[in-house]
Amino acid sequence: MKKLLPCLIGLWALAGCSQTINENKEKAMPAKGTYAYDSAFLKANTSSVYELKSSDGQARVLLSADYQGRVMTSTATGASGNSYGWLNYDLIEAGEWNKQFNPVGGEERFWLGPEGGQFSIYFNEGAEFDISNWQVPGVIDTVAYPIVSANDTEVVFGTTAILVNYSGAEFDLAIERSVRLLSKEALATSLGVTWGESLKWVAYETTNSITNKGANQWTKDTGLLSIWLLGMMTPSPETTVIIPFRPVEGAKEYITDDYFGEIPAERLTVTDSVIYFQCDGLYRSKLGLSPVIAKPMAASFDFAKNILTIIKFPVTPEGDYVNSKWEMQDEPFKGDVVNSYNDGPMADGSQMGPFYEIESSSPAKELAPGEAQEHKQLTCHFEGEFESLNQLSKSLLGVDLTEIKSKKTTL
């Protein structure tokens, strides 16, 4: 027994040492939900990740060339801070493409419209407009966008493609997309407001262009393309999308809220000038606003984490915006400039997310050979104490967050 005792003590010491090493490893691993976790995950599971960050390291933006130059996520509070973009960890880690669509996530991605109708680029000619026939083009789903140029504050991506729409029209196009990290001064100028030191923030602007590289002009008779930017964020029962609009007479006629059926009243509140939309990832629904009433801004607020997200984009009230409803259309250029989507189970019980989206679109233009059009979008997140965020919301949106908070049980 005396001879065995030193061996046993050695084994216990080794086991204790092993346990300590494992505990230290666990402590060293970034927590899920942080920017550091998402950064490490993407670097381990994709081949081309690029980071923009402020000089103090607090504002950070993570980009992926593998996924069409999309902004995968960002943070306002450094590596250990909240990660604002939604990521589909299982799909990314699997490393295999789905046939129809690959919702890998990302808080701003480049897409093209229209989605439905006789000029759709998501349905083949003659196909019924149902989910089984829906096909996202590879150039906005699975194709990597090479980096054209890059520095500490901006990355430019570019590619080319040929698309054919539901009516048989062909589009030979070049795509270019730049993502630029904004300074506090540039953001304050863009928003027209200032804020105190108590708030942390991150902001980036993307410039997205398409060029007609073919021999023929694109015309309304055979269909046009729009630039469509979509941001996928993490939903929660405490998250509300806020979309202000111009309170013109008959404004509600310019709001489409039945893309996937009528949205229940407890999930959607429409006042005379603001839409409040519950985005918890539990009920599939979508809404959109016509450029006739849309303002150049949409937002969301997470009441659990005190995060205010602002999306800013241009609006052309008289512009031709493509109609993406899944039906043959009488007015294919009377579509939306801004949309919001709340993910949820589909009819068969499957679900892409859960996530929620805030989206903006450009007008569609009749481009001559060699001619281009562009669409810019500003995305920013503010995080901090509630009263300062509320003051910012009042200044930017004309919305008092305390009123939403008091009605949260009915939204």
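Helices (H or I, at least four residues) and strands (E, at least two) are DSSP runs, numbered from the N terminus. All views show a predicted model, in which local features need pLDDT of at least 70 and side-chain atom pairs count only at pLDDT 80 or more, while totals for chains, interfaces and linings use all residues. Residues are numbered from 1 along each chain as its sequence is written, and side-chain values use heavy atoms, with hydrogens and water left out.

**View 1. Serine 226 in strand β9.** Serine 226 belongs to strand β9, which covers residues 226-233. Its relative accessibility is 1%, so serine 226 counts as buried (buried means under 20% relative accessible area, exposed over 50%, partly exposed in between, with a 1.4 Å probe and protein chains only). Leaving aside residues up to four places away in sequence, serine 226 touches Trp111, Leu112, Gly113, Val322, Ser362 and Pro363; contact means heavy atoms within 4.5 Å.

**View 2. An open sheet of 10 strands.** The strands follow the order β5-β6-β7-β8-β19-β16-β15-β10-β13-β12, and the pairing is antiparallel. Two strands pair if DSSP finds at least two bridges between them. At the edges are β5 (147-150) and β12 (268-270), each of which pairs on one side only. From one strand to the next, the twist averages 15°. Within the sheet, β7 (residues 170-181) and β8 (residues 200-212) form an antiparallel pair over 9 bridges. Opposite threonine 207 in β8 stands serine 178. Strands of a sheet pair through backbone hydrogen bonds, either parallel or antiparallel.

**View 3. Helices α4 and α5 across strands.** Helix α4 (residues 184-191) lies across β8, β15 (297-302), β16 (307-312) and β19 (372-383), and runs at about 110° to β19. Helix α5 (residues 386-397) lies across β10 (239-244), β15, β16 and β19, at about 20° to β16. For these angles, axes are lines fitted to C-alpha atoms, for helices over the stretch in contact, and angles run from 0 to 180 degrees between N-to-C directions.

**View 4. Salt bridges.** The whole structure holds 9 salt bridges, each a side-chain nitrogen of Lys or Arg within 4 Å of a carboxyl oxygen of Asp or Glu. One of them joins glutamate 197 to lysine 184, with the closest N and O atoms 3.2 Å apart. Glutamate 197 lies in the loop between α4 and β8 and lysine 184 in helix α4, so this pair ties together parts 13 residues apart in sequence. Glutamate 197 is exposed, at 67% relative accessible area, and lysine 184 is partly exposed, at 26%.

Arginine 267 and aspartate 280 form another salt bridge, 3.0 Å from N to O. Arginine 267 is in the loop between β11 (255-256) and β12, and aspartate 280 is in the loop between β13 (274-278) and β14 (285-289). Both arginine 267 and aspartate 280 are buried. Lysine 286 and glutamate 359 also meet in a salt bridge, 3.9 Å from N to O. The pair links strand β14 to strand β18 (residues 356-361), 73 residues apart, and both lysine 286 and glutamate 359 are buried.

**View 5. The two sides of helix α2.** In helix α2 (residues 35-45), the buried residues are Tyr35, Asp38, Ser39, Phe41 and Leu42. Seen down the axis of α2, they fall within an arc of 165°, so they line one face of the helix. The arc is that of the directions from the helix axis to the C-beta atoms. On the other side of α2, Lys43 and Ala44 are exposed. The buried residues of α2 pack against β1 (49-53), β2 (60-64), β3 (70-75) and α3 (89-94).
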